[in-house]
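The sequence and the model come first.

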Amino acid sequence: MANPFSGIISTELKQTYNNAIDALLETTALVRTCKFTFDSTESVCNNCIVDTLKKTSTGYYKSGGSIPFTNGQICPNCNGAGLILNENEVSLNLAIIYDMKMLLKFGKSTQYPQGSLLLVSKISTLDTIKQAKGMITDTGLDNSMRLKYKLLEAPTPVGFGASDYLFSIWGLV
Ligand SMILES: [Zn+2]
């Protein structure tokens, strides 16, 4: 017997599916700001002359620096450390699904810790998500209500006939 479903997955249907997910991910739709954090990096202070062997400020102002100070004083830019710690982060607006049932449906595990969530994003976010050390969701409330998450498993490319989107599952830290 011929497959009664044969041929129903048309180009139009695939497009409809993609349009639906695109609509979900629009700025005014179901997205929230997710801040992805990466390993912090150190850079040499550009406001003072730095002793690169001792890795400390010499206390001498470096011409062109943004906060001039008197030689012999502590550099106000690096507080005399000579190095600046850069917190690296990227903010993206993504769709967050908190529903545990959806999570289990799309995830690989049959058990995720309470409070885990599913992020839906475009495939272009793959590198950011894979490299992130953590993720902070903006709940729309004050900073103390921002929750921190870590990636629970490798993100899964998904799509209807193509890998246009990415599912990633995050657990509370
Ligand atoms: Zn400095």
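Helices (H or I, at least four residues) and strands (E, at least two) are DSSP runs, numbered from the N terminus. The model is a predicted one: local features need pLDDT of at least 70, side-chain atom pairs count only at pLDDT 80 or more, and totals for chains, interfaces and linings use all residues. Residue numbers start from 1 along each chain as its sequence is written. The protein chain holds three helices and eleven strands.

**Overall form**

- Read from the N terminus, the order of elements is α-β-β-β-β-β-β-α-β-α-β-β-β-β.
- The protein chain is more spread out than a compact globule, because its radius of gyration is 24 Å, well over the 16 Å that the globule rule gives for 173 residues. The radius is taken over C-alpha atoms, and the rule is 2.2 Å times the number of residues to the power 0.38.
- The C-alpha trace spans about 90 × 35 × 30 Å along its principal axes.
- A residue is called buried if 20 or more other C-beta atoms lie within 10 Å of its own, exposed if 12 or fewer, and partly exposed in between, with C-beta atoms placed from the backbone. Of the 173 residues of the protein chain, 16% count as buried.
- Two residues are in contact if their C-beta atoms, placed from the backbone, lie within 7 Å. Among contacts between residues at least 6 apart in sequence, 59% join residues at least 24 apart.

- The chain is divided into domain 1 (29–40 + 87–172) and domain 2 (46–81), with bounds that come from an automatic or database domain assignment.
- The centres of domain 1 and domain 2, taken over C-alpha atoms, are separated by 40 Å.
- Helix α1 (residues 11–24) has 14 residues and reaches 20 Å from its first C-alpha to its last, close to the 20 Å expected at 1.5 Å a residue. The expected span is 1.5 Å times one less than the number of residues.

**Nonpolar cores**

- A nonpolar core is a set of buried Ala, Val, Leu, Ile, Met, Phe, Trp, Tyr and Cys residues joined through C-beta atoms within 7 Å.
- The largest nonpolar core has 15 residues, of which C34, L118, L119, V120, M135 and W170 touch the most other members. Two or more residues of this core come from each of β1 (31–37), β7 (117–122) and β11 (165–172).
- C34 touches L92, L94, L119, M135 and T137, leaving out residues up to four places away in sequence.
- Another core, of six residues, lies apart from it and has C45, C48, V50 and C75 among its members.

- Strands β3 (residues 48–51) and β4 (residues 56–61) run antiparallel and are joined by three bridges; strands count as paired if DSSP finds at least two bridges between them.
- D51 has T56 in β4 as its bridge partner.
- Four residues lie between the two strands of this hairpin, and K55 in the turn has a positive phi of about 50°.
- K55 is a residue other than glycine, and K55 is exposed because 12 other C-beta atoms lie within 10 Å.

**Other loop residues**

- N79 is found in the loop between β4 and β5 (83–86). N79 is not a glycine, yet has a positive phi of about 55°. With 11 other C-beta atoms within 10 Å, N79 is exposed.
- The loop between β9 (147–151) and β10 (156–158) holds A154, and L152 is found in the loop between β9 and β10 as well.
- A154 counts as exposed because it has 10 C-beta neighbours inside 10 Å, whereas L152 is partly exposed, with 19 other C-beta atoms within 10 Å.
- The C-alpha atoms of A154 and F167 are separated by 9.2 Å, and the two residues are 13 residues apart along the chain.
- L152 is in contact with Y112, S116, I169, W170 and G171, leaving aside its neighbours within four places in sequence.
- L152 and K122 are 30 residues apart in sequence and 19 Å apart in space, C-alpha to C-alpha.
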